[in-house]
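Hi there,

Here is the structure I promised to pass on.

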Amino acid sequence: MPCLPYEIMEAMIQCFGRCFHYKDRMAAFLNYCEVPRPLASKHREEFKFTWARKLLTELGETENGHVLQRKVLTGLCQLRNVPDDKVLDRAAALDALCVLKDLGKV
């Protein structure tokens with residue numbers, strides 16, 4: 001299975017950083033997308049943007065990881081609203097989701 005395009009990966013990272021205020025919610029979302037807990041929590045101590053980048057990069061290094069990347073992408077694109085009520089800039093979070101959804105249509 002091919003890697004996700006760079007633009008989509010970057011848009012996913014922006015969604016994680018902007019749509020989740022609490023790391024517990026981000027971890028729960030990754031669990032929902034079937035990312036194994038040990039892998040999902042490996043870089044949890046990092047900032048959310050960095051955590052997402054490292055996780056998606058590591059997923060991209062394995063065949064099964066490409067499948068998981070796509071499950072995460074699908075999960076993000078299925079969101080109809082910001083999943084975390086405490087997000088500081090709701091407009092930026094919604095914009096990040098819209099950008100990802102537009103890129104995912106291509």
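Below are my notes on the aromatic rings and on one backbone angle.

Please keep in mind that this is a predicted model, where local features need pLDDT of at least 70, side-chain atom pairs count only at pLDDT 80 or more, and totals for chains, interfaces and linings use all residues. Residues are numbered from 1 along each chain as its sequence is written, and side-chain values use heavy atoms, with hydrogens and water left out.

Rings of Phe, Tyr and Trp (its six-membered ring) pair if their centres lie within 6.5 Å; planes under 30 degrees apart count as stacked, over 60 as edge-to-face and the rest as tilted. By this rule there are 4 aromatic pairs. One of them is stacked: the ring centres of Phe16 and Phe20 are 5.8 Å apart, with planes at 25°. Phe16 is buried at 2% relative accessible area, and Phe20 is buried at 2% as well (buried means under 20%, exposed over 50%, partly exposed in between, with a 1.4 Å probe and protein chains only).

Phe29 and Tyr32 make a tilted pair, 6.5 Å centre to centre with 35° between the planes. They sit 3 residues apart in helix α2 (residues 23-32), about one helical turn; helices here are DSSP runs of H or I, at least four residues, numbered from the N terminus. Phe29 is buried at 9%, whereas Tyr32 is exposed at 59%. Phe16, Phe20, Phe29 and Tyr32 form one aromatic cluster.

Lastly, Glu34 lies in the loop between α2 and α3 (37-41). Glu34 is not a glycine, yet has a positive phi of about 70°. Most residues other than glycine have a negative phi.

Best wishes

Key:
Helices (H or I, at least four residues) and strands (E, at least two) are DSSP runs, numbered from the N terminus.
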